[in-house]
Amino acid sequence: MKVAEKFVSINGEGCRAGELALFIRFQGCNLSCSYCDTAWANEATCPYEDLSPAELRDYAVREGIKNITLTGGEPLLPEGLKELIGLFLAEGFHVEIETNGAVSLAPFCGASRPTFTVDYKLPDSGCEEAMVHANFDLLQRTDTVKFVVSSRRDLERAREVVDTYGLLFTCGVYVSPVFGSIEAEEIVEFMKARRLNGWRLQIQMHKVIWEPEKRGV
């Protein structure tokens, strides 16, 4: 498995924001979003460690951090992922997968499954046509759909998606601003004006604590 980086930090976003987590970032992605802040990990020339699922399991055991976040790139693409998830779950880890919404969740939704954070791509991302809407049928209360918004147009589309698929009844719904593109205040005013109960605004915590471009955090 091509691992671009692995490190311990806090979860900067999602339902476990603020908690310690062991991050494993895989190389490669099937999308090229306009706001991607880890584009370096998507390149074929990105340096990586070639590690087996067993080696990654042993690394996690040594680190002793119970939350594991698999990210990318796109973490659902690497061969061996189902084996890796199984090894982590067997050790009692909580496994969260941050996926871009353009890969089916179905192969990873057996009786023992990870938690999914699905990043639904809105119009300004340039990648909305790649979204796999069938994934919404597989989500549970422990999962999250995250909308990263760049504009008022993105906000309106996020509201449409939430309502169309009844997401507030099946999973958590988070909305985050694209860093430097839209102010959090505008998102709050949008939520207030439309009485968007159940929505959660989330700022990328790691970009507040460290320099926005810093890696390994």
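Colleague: Where is Cys33 placed?

Modeller: Cys33 is in the loop between E2 and E3. Keep in mind that this is a predicted model.

Colleague: Is Cys33 buried or exposed?

Modeller: Buried. Its relative accessibility is 13%, and the cut-off for buried is under 20%.

Colleague: What does Cys33 touch, leaving out residues up to four places away in sequence?

Modeller: Lys121, Ser125 and Cys127.

Colleague: And where does Cys29 sit?

Modeller: Cys29 is in the loop between strand E2 (20–26) and strand E3 (49–50). Cys29 counts as partly exposed because its relative accessibility is 27%.

Colleague: Which residues does Cys29 touch, with those up to four places away in sequence not counted?

Modeller: Asn42, Gly73, Glu74, Leu77 and Asn100.

Colleague: What does UniProt place at Cys29, Cys33 and Cys36?

Modeller: The feature "binding site", according to the UniProt record, which is an unreviewed entry.

Colleague: New topic, the sheet. What is the strand order?

Modeller: E3-E1-E2-E4-E5-E6-E7-E8-E9. That is an open sheet of 9 strands with mixed pairing.

Colleague: How do E4 and E5 pair?

Modeller: In the parallel sense, over 4 bridges. E4 is residues 67–71 and E5 is residues 94–99. Leu70 stands opposite Ile97 in E5.

Colleague: Which strands does helix H4 lie across?

Modeller: E7 (144–149), E8 (172–177) and E9. H4, residues 184–193, runs at about 160 degrees to E9.

Definitions and conventions
Residues numbered from 1 in each chain as written. Predicted model: local features only at pLDDT ≥ 70, side-chain atom pairs only at ≥ 80, totals over all residues. Heavy atoms only, no water. UniProt positions renumbered as here; feature names shortened; annotations may be inferred. Helix = DSSP H or I, 4+ residues; strand = E, 2+ residues; numbered from the N terminus. Buried < 20%, exposed > 50% of the residue type's maximum accessible area, 1.4 Å probe, protein only. Contact = heavy atoms within 4.5 Å. Pairing = 2+ DSSP bridges. Axes fitted to C-alpha atoms, helices over the stretch in contact; angles between N-to-C directions.
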